[in-house]
Number of protein chains: 2
Amino acid sequence: MKGEFEFIQYIKNSYGFNAIGDDCAVLPKNSDFDLVVTADLLVEGIDFNLEWAKPEVLGHKALAISLSDIAAMGAEPTWAMLSLAVPSSLWETDFVKRFYEGWTALAAEFNVELVGGDISRSTERFAVDSIISGDVPKGLAITRSGAKPGDLVFVSGQLGGAAGGLKLLQNFIGKDLNKAETAKLIERQLQPTPHVALGRELQRSKVASAMIDISDGLSSDIHHICEQSGVGAELDASLLPIDINLKSTFEPDESLSLALNGGEDFELLITVPEQNVSLLTMEDLTRIGVITSNINVVGLTNKGRRTELDSSGYRHF
Amino acid sequence: MKGEFEFIQYIKNSYGFNAIGDDCAVLPKNSDFDLVVTADLLVEGIDFNLEWAKPEVLGHKALAISLSDIAAMGAEPTWAMLSLAVPSSLWETDFVKRFYEGWTALAAEFNVELVGGDISRSTERFAVDSIISGDVPKGLAITRSGAKPGDLVFVSGQLGGAAGGLKLLQNFIGKDLNKAETAKLIERQLQPTPHVALGRELQRSKVASAMIDISDGLSSDIHHICEQSGVGAELDASLLPIDINLKSTFEPDESLSLALNGGEDFELLITVPEQNVSLLTMEDLTRIGVITSNINVVGLTNKGRRTELDSSGYRHF
């Protein structure tokens, strides 16, 4: 079997499932709105580790990563479902109750209603499938496929922090995990913030031509935009908003690598036609490059040297 | 932690999630239709066994059980998502490709479009979360909560076959699995048929007051209707349409027990006000009892003796 992205493309092409391939599927709802919907599966031992994350924190994260997909379409979240596979040993504890406490606390912030889901026993591992839907004004979801050569590339917030936090958790590499900077990196990994308000603002202002959330990593996610839009991109390493706590904790080369290829920052990556840039009123957006007509080629200029940036973010297969 | 049904009730009550508690959630879509949506999680080693089921068969079943929930609301299926947790050892084979072949073959029959989902690696076991949505004329979904004392209870098809098939697969109890009768029981377990057309017909004819699909087992699912409707029921064992292949393979007592408590028949269980019974034009429906005002009490009369029927169908916890 090929890689996961190639396999998804194979399914899409083989059966003509054309709604597949963005952060959310966009489906007709009524005369005013489209419905967007997405699912995110998190598996113990692969996507998270119960030694690191309290159940409340895991509940928060399961919803946050799905809310981020809603944000990346410019949509407003509405309802959600949760499917849990629970080993008996965890069912006997207050784990599941606390998981829902973390989930519902974040859901209340975003007015998300839990409408269903499923609970199954599992033999060894905990897993959660987080399903969420939202509404977006009809025909106006911001997809991955609208980028045009000449558009400028912007990213929200700071990059690499979540991957830095994961590295600290995985390796215990002689860093003090209670120091303010390392604690903040770990919080970025465990308790991400979905940028729903920013996504909505970008949708309402109609300034962006394409959008994706950075879940796999910048190098992969810019490639996703390029593939879906039939374009290329040139990025400038000196412009990247590398997480300040990452820079104070890791060496410069490693910080850059984590900012480029580390996943789970859940920042928004957008492309903006040049004539719209003056309309960008949102704070916390940084210009990092430009879209080109060089299909599927992403260049990175670093200290005067240009290299091609592969899709090196996270993939399961 | 309590049982799974009690836990779901706890979540529903604690947070006021009132859409929870039927085969599907019913949500507003547009001026003509409501949207229904449901998720079913199947975990290897708990809900299925890879030694018994080919990947195509598993793909069929994952969709069939969700289609059955759509049928139980009287809805028309529209779109679906699939989240798969896949161990590396399976990814290396054609397992996932064949799983989708089984899924898409059934999806084509029912005009279901795959619009998204997720793929994650897992450490040991395969799992699938099957999400499906449908449309139903506004305000006219058939829920579990509409049964009234005096309504008659009907069931489609035959009962207990799927549980009989499971018993044969689990125990190899000295039966010839290639005999026509046993092969049919095993097929009922592995490759269930969702009754979408019957569900639609019942919705259009407006004859039923409540409906559920028999996924956990008749004894549990009649209790679900009673709880949601605030009623009781009296069933007559002599009227139960016990699977003919079950009767020819197992002893009478075991056949009755499997028909009452065995899950996964995916037949439709409906309640019909007496004045509507003459309007029931569907073949293959059998009257098995009556709804009473004896809240949450289900009686079963067998050979002149009445006992109370507990909710003894399948539950994960």
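Predicted model: local features only at pLDDT ≥ 70, side-chain atom pairs only at ≥ 80, totals over all residues.
A:Asp236 is bridged to A:Thr301 in S11(A).

Chain A is divided into two parts, domain 1 (4–137) and domain 2 (152–308). Their C-alpha centres lie 22 Å apart. Contact between them involves 20 residues of domain 1 of chain A and 20 residues of domain 2 of chain A. On the domain 1 side, helix H2 (55–71) and strand S3 (76–87) of chain A are the elements that give two or more residues. H2(A) gives the most, with ten residues. By class, this side of domain 1 of chain A holds twelve nonpolar, four polar and four charged residues.

Chain A also contains an open sheet of five strands. The order is S1-S2-S5-S3-S4, and the pairing is mixed. Strand S1 (25–28) and strand S4 (113–122) of chain A stand at the edges. Each has a single partner strand, so one side of each is left without a neighbour in the sheet. From one strand to the next, the twist averages 20°. S3(A) and S4(A) pair in the parallel sense, over nine bridges. A:Val86 has A:Arg121 of S4(A) as its bridge partner.

The contact between the chains was examined next. It involves 49 residues of chain A and 49 residues of chain B. Several elements of chain A each supply at least two residues to the side that touches chain B. They are helix H1 (4–15), S1, strand S2 (33–43), S3, helix H4 (95–109), S4 and strand S5 (127–137). S4(A) gives the most, with ten residues. This side of chain A comprises 27 nonpolar, eleven polar and eleven charged residues.

In chain B, strand S2 (residues 33–43) is mostly covered, with eleven of its eleven residues buried. Both faces of S2(B) are covered. On one side lie B:Phe33, B:Leu35, B:Val37, B:Ala39, B:Leu41 and B:Val43. On the other lie B:Asp34, B:Val36, B:Thr38, B:Asp40 and B:Leu42. S2(B) has antiparallel pairings with two strands. Four bridges join S2(B) to strand S1 (residues 25–28) of chain B, and eleven join S2(B) to strand S5 (residues 127–137) of chain B. S1(B) and S2(B) form a hairpin, with four residues between them. B:Pro28 stands opposite B:Asp34 in S2(B).

The largest nonpolar core has 200 residues. Among them, A:Val36 and B:Val36 touch the most other members. Beyond four places away in sequence, A:Val36 touches A:Cys24, A:Ala25, A:Val26, A:Ile70, A:Met73, A:Ala75, A:Ser133, A:Gly134, A:Val136 and A:Ala141. In soluble globular proteins, nonpolar side chains tend to be buried together.

B:Ala80 lies in strand S3 (residues 76–87) of chain B. B:Ala80 counts as buried because 26 C-beta neighbours lie inside 10 Å, where 20 or more are required. Leaving aside residues up to four places away in sequence, B:Ala80 touches B:Leu63, B:Ala107, B:Val112, B:Leu114, B:Ile131 and B:Ile132. B:Gly232 is 152 residues from B:Ala80 along the chain, and their C-alpha atoms are separated by 35 Å.

Definitions and conventions
Residues numbered from 1 in each chain as written. Chains lettered and ligands numbered in written order. Core = buried A, V, L, I, M, F, W, Y, C linked by C-beta atoms within 7 Å. Buried ≥ 20, exposed ≤ 12 C-beta atoms within 10 Å, placed from the backbone. Contact = placed C-beta atoms within 7 Å. Domains from an automatic or database assignment. Nonpolar A, V, L, I, M, F, W, Y, C, P; charged D, E, K, R; others polar. Pairing = 2+ DSSP bridges. Axes fitted to C-alpha atoms, helices over the stretch in contact; angles between N-to-C directions.
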